[in-house]
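Welcome! Please take a moment to look over the sequence and the 3D view below, and then read on for a guided walk through some of its details.

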Amino acid sequence: MKTNLFKITSPDDERLKIVGEALRNGEIAAIPTETVYGLAASALNPAAVEKIYVAKGRPGDNPLIVHISRLEQWNVLVRRMDNRALKLAKAFWPGPLTIILEKSDIVPLEVTGGLDTVAVRMPSHPIARAVIDCAGVPLAAPSANISGKPSPTCAEHVLDDLDGKVPYIIDGGECDVGVESTVITLKGETPRLLRPGAITVEMLKSVIGEIEVDKAVYNRLQDGQTAASPGMKYKHYSPNASVVLIKGDFERYRQYLKNADTKNAAALCFDEDAKALNDIDVITFGSEKDPLQQANRIFDALRTADKKGYGKVYARYPKTDGVGLAVFNRLIRAAGFNVV
Ligand code: TXA
Ligand code: MG
């Protein structure tokens, strides 16, 4: 298949109509969002959605997020609307928050991985919104990477993974946020965070009060445990290199590296650390003081490790509050929970 790459900077670009029509007619397309690039298909068309799973090599029980551009589209996707959901949407939409509610009958089980709930978000990226408008249907879209790989934060990452597997890629520049949306479920009594992102636990609490953080955010699921968010049970965000996460401050990190096998290895560290590490190649992912910047750069850093062919990556342990929790959650999965 030939992949058409459209570099688009304006939501009025005429080529968005071509992509919108293709989506409406059952095709798939990679599109930019403010979080990461998504691989979109009509959320109401099971055959189109199936193409997403094939292109990504994604397990069929891992549900997709449905993207809308107008609030009215939400009502028909859910069984009943929920006041807390409306409050969250008012506070954070359009933006990097995904809200899970019980699904209505029009949402195919292919989208929800067989679950009776549907995850919905309204992205803030003007081109993402324009594509949804042009398609005229809500769009199911997981991150536009090969399943298990780091999520794509620019069109080049998408091309690396999906060239020849999708008919369209829209290049809308680099993603602002750089990690996927925060996912919260309102299915149970107490709202529960399933995936941390740029909308932090603290921000969510300020709008709807108490929330639980699912234990899969921090820990590996044990055999036999069911995942509230099926995506949590899969190996994820992993470069080819094996990643080790090193707990402790910079001194501990430097000591660890002194004794570690640094052949064909890289240090994945904060900007401030780089100049003090002389005996190992360095890949930085932002300032120690700036978790938003770390979120923005972490996936590119992991992909850089692959491009350079490292076999081993020793990563600094980020802070776990605020947006830091999102960075930590991705890194610990990239490391397959290998922490020392
Ligand atoms: O920022 C984002 O959310 C990006 C962009 C493209 O919007 N999308 C994204 O999709 O990250 P994906 O498929 O890579 O991650 C969706 C996550 C998975 O962990 C999945 O298991 C979970 O959300 N999820 C989706 N629907 C769910 C549901 N009904 N119940 C529980 N978890 C759900
Ligand atoms: Mg993903």
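What follows is a short tour of the sheet, the ligand site and a few individual residues.

Keep in mind from the start that this is a predicted model.

## The sheet

Let us begin with the strands. In general, strands of a sheet pair through backbone hydrogen bonds, either parallel or antiparallel.

One pairing to look for joins β2 (residues 29-31) with β3 (residues 38-42). These two strands are antiparallel and share 3 bridges. Within this pair, Ile31 stands opposite Gly38, which belongs to β3.

β9 and β5 run parallel and are joined by 4 bridges. Across this pairing, Thr98 stands opposite Val183 of β9. β9 also pairs with β10 (residues 192-195), this time antiparallel, through 3 bridges. There, Ile184 faces Leu193 of β10. β9 and β10 together form a hairpin, with 6 residues between them.

Why does Thr185 count as buried? Its relative accessible area is 10%, and buried means under 20%. A polar atom of the Thr185 side chain lies 3.2 Å from the backbone nitrogen of Lys187.

## Around ligand 1

Now turn to ligand 1. There are 25 residues around it, and those that come nearest are Thr35, Asn62, His67, Ser181 and Gly231.

| Residue | Ligand 1 atom | Distance |
|---|---|---|
| Arg58 | oxygen | 2.8 Å |
| Thr117 | nitrogen | 2.9 Å |
| Arg195 | oxygen | 2.9 Å |

How much of ligand 1 does the protein bury? Taken alone, the ligand exposes 680 Å², and the protein buries 97% of that.

## A patch on the surface

Leu44, Val76 and Ile106 make a nonpolar surface patch of about 240 Å². You will find Ile106 in the loop between β5 (97-102) and α5 (109-112). Ile106 counts as partly exposed because its relative accessibility is 44%, which falls between the limits of 20% for buried and 50% for exposed.

## A buried residue in a helix

For a contrast in setting, move to helix α11 (residues 324-334), where Asn329 lies. Is Asn329 buried or exposed? Asn329 counts as buried, because its relative accessibility is 1%. The side chain of Asn329 also makes a polar contact of 3.1 Å with the side chain of Arg330.

## Backbone details

A few places in the backbone are worth a visit too. The peptide bond from Trp93 to Pro94 is cis, with omega near -10°. Pro94 lies in the loop between α4 (83-92) and β5.

Which value does phi take at Asn264? It is positive, about 55°, although Asn264 is not a glycine. Asn264 is found in the loop between α9 (250-259) and β13 (265-269). With a relative accessible area of 45%, Asn264 is partly exposed.

Phe337 also has a positive phi, near 65°, and is a residue other than glycine. To find Phe337, look in the segment after α11.

## Apart in sequence

The last stop is Ser147, in the loop between β7 (139-140) and α7 (155-162). Ser147 is partly exposed, with a relative accessible area of 28%. How many residues separate Ser147 from Ala55 in sequence, and what is the distance between them in space? They are 92 residues apart in sequence, and their C-alpha atoms are 9.1 Å apart.

Terms used. Residues are numbered from 1 along each chain as its sequence is written. Chains are lettered from A and ligands numbered from 1 in the order in which they are written. This is a predicted model: local features need pLDDT of at least 70, side-chain atom pairs count only at pLDDT 80 or more; totals for chains, interfaces and linings use all residues. Side-chain values use heavy atoms; hydrogens and water are left out. Patches are made of residues with over 30% relative accessible area and no salt bridge: like charges are joined within 9 Å, nonpolar side chains (Val, Leu, Ile, Met, Phe, Trp, Tyr) within 5 Å. Accessible areas come from the Shrake-Rupley method with a 1.4 Å probe; for residues, only the protein chains shown count as cover. A salt bridge is a side-chain nitrogen of Lys or Arg within 4 Å of a carboxyl oxygen of Asp or Glu. Buried means under 20% relative accessible area, exposed over 50%, partly exposed in between (1.4 Å probe, protein chains only). A residue is near a molecule or strand if one of its heavy atoms lies within 4 Å of it. A polar contact is a pair of N or O atoms within 3.5 Å; within protein, one must be able to donate a hydrogen and the other to accept it, and residues adjacent in sequence count only if both atoms are side-chain atoms. Two strands pair if DSSP finds at least two bridges between them.
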